[in-house]
Amino acid sequence: MKKIFISFLILSCFSFASAMDIKTNVNLEGFYSSNILSLSDKDYQRYLDGKIGSYYDIESADDFVTNLSVSLKNRNKLFGHLSLVNLKFDYDLYAVNKVFDKFNFTIDTKYYFNRSFDVILGYSWSPEIYVNNYTSVWDNERHQYTYSKNDYFSTVNWDLSEIFSIRYKIKFSQHFYNKYFTEYDSDVFENGISLIGDFQKFKLTLGYAYKLSEAAAEEAFEGINYSGVIKDGSYDSNKYKFALTIPSIFSIAEKDVNFILQLFGKSVFFPVI
């Protein structure tokens, strides 16, 4: 499957490079997070009380995050059909806790078969993502829990009518953890489907997705004299989504203000070891 993605993306790159009509978009956003580690209420209070501050490589539990996004787009013909190629660079910059800074690169092609049916193929790369500090089984000391990620994804959009449409997304990911947590290296497969109703007054989205993560715990300890318990980080989960969007409630400075309500549900299943 990866070979198909890579071959198609190479064609997209040649198409992008030969295009003269390239549009550039720069977007700058900011938001405040009061709990950047997503700690529980109990641990959050313990951190504020100075009881577990040494566990983490952070200077504060809250932070202001600036997102800088730069995208380059072009319109072209591929195999006789309209295609839109998009190159995107994302930077998340934290004002205080620089350890959370991260970069992401994405390239995708949206291929139109007709007005009601299109397919997106894409690849995304993140060189380093910091999660938290944990104790490693290799030396029994706490280290930064970081990983890099490759995402290969495809989305199918099908307009059933003027109101209803179906969106199906499939994604394969590779997670590569640093040398202290190699037992968590994993392949992640996810697919999901959504039914979207675009009415005059609001938009309604109902969705379901299944996720399977297979860790390579046994492979990480091959040829090593390790007497501890090998924990399997594999899991699978079901995700449910309900979203209600009410556009253009009112306007400020000629910009529409939208109302969005999203509810998510998840059930996660870990193996028993």
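The chain comprises 3 helices and 11 strands, where helices (H or I, at least four residues) and strands (E, at least two) are DSSP runs numbered from the N terminus. In order from the N terminus, the elements follow the pattern α-β-α-β-β-β-β-β-β-β-β-α-β-β. The structure is a predicted model, in which local features need pLDDT of at least 70 and side-chain atom pairs count only at pLDDT 80 or more, while totals for chains, interfaces and linings use all residues. Residues are numbered from 1 along each chain as its sequence is written, and side-chain values use heavy atoms, with hydrogens and water left out.

The mean pLDDT of the chain (the predictor's confidence in each residue, from 0 to 100) is 82, and 79% of the residues score at least 70. Where pLDDT is low, the predicted coordinates should not be read in detail.

Of the 273 residues in the chain, 34% are buried, that is, under 20% relative accessible area with a 1.4 Å probe and protein chains only. The chain exposes about 17,300 Å², of which carbon and sulfur atoms supply 56%, as computed by the Shrake-Rupley method with a 1.4 Å probe. Among contacts (heavy atoms within 4.5 Å) with a separation of 6 or more, 56% are between residues 24 or more positions apart.

Aromatic pairs, counted for rings of Phe, Tyr and Trp (its six-membered ring) whose centres lie within 6.5 Å, are termed stacked if the planes are under 30 degrees apart, edge-to-face if over 60 and tilted otherwise; by this rule the count comes to 19. Tyrosine 123 and tyrosine 152 form a tilted pair, at 5.3 Å centre to centre and with 45° between the planes. Because tyrosine 123 belongs to strand β5 (residues 117-135) and tyrosine 152 to strand β6 (residues 142-159), this pair ties together parts that are 29 residues apart in sequence. Tyrosine 152 also pairs with phenylalanine 172, here in a stacked arrangement with 6.3 Å centre to centre and 25° between the planes. As phenylalanine 172 lies in strand β7 (residues 164-177) and tyrosine 152 in strand β6, the pair ties together parts that are 20 residues apart in sequence. Tyrosine 152 counts as buried because its relative accessibility is 9%, and phenylalanine 172 does so at 17%.

One aromatic cluster is formed by Tyr134, Tyr145, Tyr147, Tyr177, Phe181 and Tyr184.

Technical notes. Buried means under 20% relative accessible area, exposed over 50%, partly exposed in between (1.4 Å probe, protein chains only).
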